[in-house]
Amino acid sequence: MSGFFLPVLLLLPLVASVPSPSRLPPKYCRRCCDHLEPPLSPSSRPVTYQAPEVRTFINMTILKGDKGDRGERGTPGKSGADGPPGSRGAVGPKGSKGQAGAPGDPCKTQHSAFSVGRRKALHSVDYYQAMLFDTVFVNTGEHFNMFKGKFYCYVPGVYFFNINIHTWNFKETYLHLMHNEREQVILYAQPSDRSIMQSQSVMLNLELNDEVWVRLYKRERENAIYSDDVDIYITFNGYLVAPTV
């Protein structure tokens, strides 16, 4: 019997020292920069305890009180810089007509007007002569000088003037309306077997102290104006249209 067990006992250590192919020691792949220690397996890593994050939340609707009284108005602040002007707005609708204003002061209203006539006929002489008048219809402010037969401008502005005459049979009628010493317009009628009414009008811009008058042409031709002592055929009129502003 002792001889049968000896070989068996010798084989046991050999069997025990041979590792099982299924339990080979693990091999690790390392790089040159890795740590020399083998990495820990997930089962061997220590478990770290993390505390839960606590956030405080306050419900403000619970803490909100009643609305307080309105405070006093504060001191106004300084005015800011002016901004750029805005674009022009659209034109609004036309408003209704307003009430008439009060009458102006009559003392400030400027007037100037005259209307004069002549009853006597007039014949030319060897020199120019101013036509004189003997009848006054209107002479506001006495701006027309009856002794000189001239209108003097005391209110500068635009004036309207008019001359009316009656021609003489078979005689020439030759007049000038004068502004100071300058002829402005002519009133002319050729000799005829009939006497007719002739008229001339003009508007002039006058300055202060300007003169306007009618001049009969000198005797180079038979020059005359007809009139009689009963009716007035000759008139000279003028009035201010618009004063100078």
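Me: Which residue is the bridge partner of Ala113 in E13?
Reply: Tyr239. This is a predicted model, where local features need pLDDT of at least 70, side-chain atom pairs count only at pLDDT 80 or more, and totals for chains, interfaces and linings use all residues. Residues are numbered from 1 along each chain as its sequence is written, and side-chain values use heavy atoms, with hydrogens and water left out.

Me: How many bridges join E1 to E13?
Reply: Six, with E1 and E13 (residues 234-243) running antiparallel. Strands (E, at least two residues) are DSSP runs numbered from the N terminus, and two of them pair if DSSP finds at least two bridges between them.

Me: And E1 with E4, how many bridges there?
Reply: Four, also in the antiparallel sense. Gly117 stands opposite Thr135 in E4.

Me: What's the strand order in the whole sheet?
Reply: E4-E1-E13-E7-E10, an open sheet of five strands with antiparallel pairing. E4 (135-139) and E10 (197-206) each have a single partner strand, so one side of each is left without a neighbour in the sheet.

Me: Switching topic: is Asn223 buried or exposed?
Reply: Asn223 counts as buried because its relative accessibility is 3%; buried means under 20% relative accessible area, exposed over 50%, partly exposed in between (1.4 Å probe, protein chains only).

Me: Where is Asn223 found?
Reply: In the loop between strand E11 (211-216) and strand E12 (224-225).

Me: What does the side chain of Asn223 reach at 3.4 Å?
Reply: The backbone oxygen of Tyr217.

Notes:
Polar contact = N/O pair within 3.5 Å; in protein donor to acceptor, adjacent residues only side chain to side chain.
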